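The sequence and structure come first.

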Amino acid sequence: MAANIQVIPANLTDYLLEDTSVNGTVVYGVSGAATMYQVRINNTSGAAVFLKFWDATGGVTVGTTDPVIVLKCPASSARTYNCLEGMHALGTGMAYACVTAAGTAGTGNPAATVDIRVQYD
C-alpha cells in the first residue's frame with residue numbers, strides 16, 4: 001500500500017500518515033516541510049526491523065543514503081515513539097523505508113508485514 005495521509009482534528013498534530021506494507025523500498029510519503037511528533041511501528045515479522053527516515057522528496061538510495069532517523073522495533077511487537085516537542089523537523093519532505101539491519105547500509109526486506117503510523121505537522 002502506498003502512503004495514505006489524513007487530516008486529523010487533534011491538539012498534537014494536523015496529519016496522520018499510514019502505510020500498511022512498508023519494506024525496503026523507499027516511499028516518498030510527504031512533500032514539503034514536516035515535523036514528526038509520533039511514530040508507531042507494528043512489526044509482525046519474526047526479526048527486528050529498522051524504520052529509516054530521510055529528509056527528501058527524491059534521490060534516496062536505501063543502503064547508500066544516510067538516514068536522518070532510524071527507529072528499531074523488536075520482532076513480533078509494536079513500538080510507539082513520542083516527542084511532544086517534535087521528534088525531527090524535515091525541511092524538504094518525508095521519505096521512509098523499513099529494513100532488517102540498522103545503519104545506513106541495511107537493505108533487507110522484512111519477512112512479514114510492517115505497518116506504520118506517523119503523526120506530523
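What percentage of the 121 residues in the protein chain is made up of buried residues?

1. The model is predicted. Buried residues make up 40% of the 121 residues in the protein chain. The accessible surface of the chain comes to about 5600 Å², and carbon and sulfur atoms contribute 48% of that area.

2. The protein chain contains 10 strands and 0 helices. Among contacts with a separation of 6 or more, 76% link residues 24 or more positions apart.

3. The C-alpha trace spans about 35 × 30 × 25 Å along its principal axes.

4. Regarding charge, the protein chain carries 5 positive and 8 negative charges. Their mean positions are 13 Å apart.

5. The count of aromatic pairs comes to 2. In one of them, the ring centres of Y15 and Y120 are 5.3 Å apart and the planes lie at 20 degrees, so this pair is stacked. Because Y15 belongs to strand β2 (residues 15-19) and Y120 to strand β10 (residues 114-120), the pair ties together parts that are 105 residues apart in sequence. Y15 is partly exposed, at 32% relative accessibility, whereas Y120 is buried, at 5%.

6. The rings of F53 and Y96 have centres 6.4 Å apart and planes at 55 degrees, so this pair is tilted. F53 lies in strand β5 (residues 49-55) and Y96 in strand β9 (residues 93-99), so parts that are 43 residues apart in sequence are tied together. Both F53 and Y96 are buried.

How values were computed
Residues numbered from 1 in each chain as written. Predicted model: local features only at pLDDT ≥ 70, side-chain atom pairs only at ≥ 80, totals over all residues. Heavy atoms only, no water. Helix = DSSP H or I, 4+ residues; strand = E, 2+ residues; numbered from the N terminus. Buried < 20%, exposed > 50% of the residue type's maximum accessible area, 1.4 Å probe, protein only. Contact = heavy atoms within 4.5 Å. Areas by Shrake-Rupley, 256 points an atom, 1.4 Å probe, with all protein chains shown as cover. Lys, Arg positive; Asp, Glu negative; His and termini not counted. Charge placed at Lys NZ, Arg CZ, Asp CG, Glu CD. Phe/Tyr/Trp six-rings, centres within 6.5 Å; stacked < 30°, edge-to-face > 60°.
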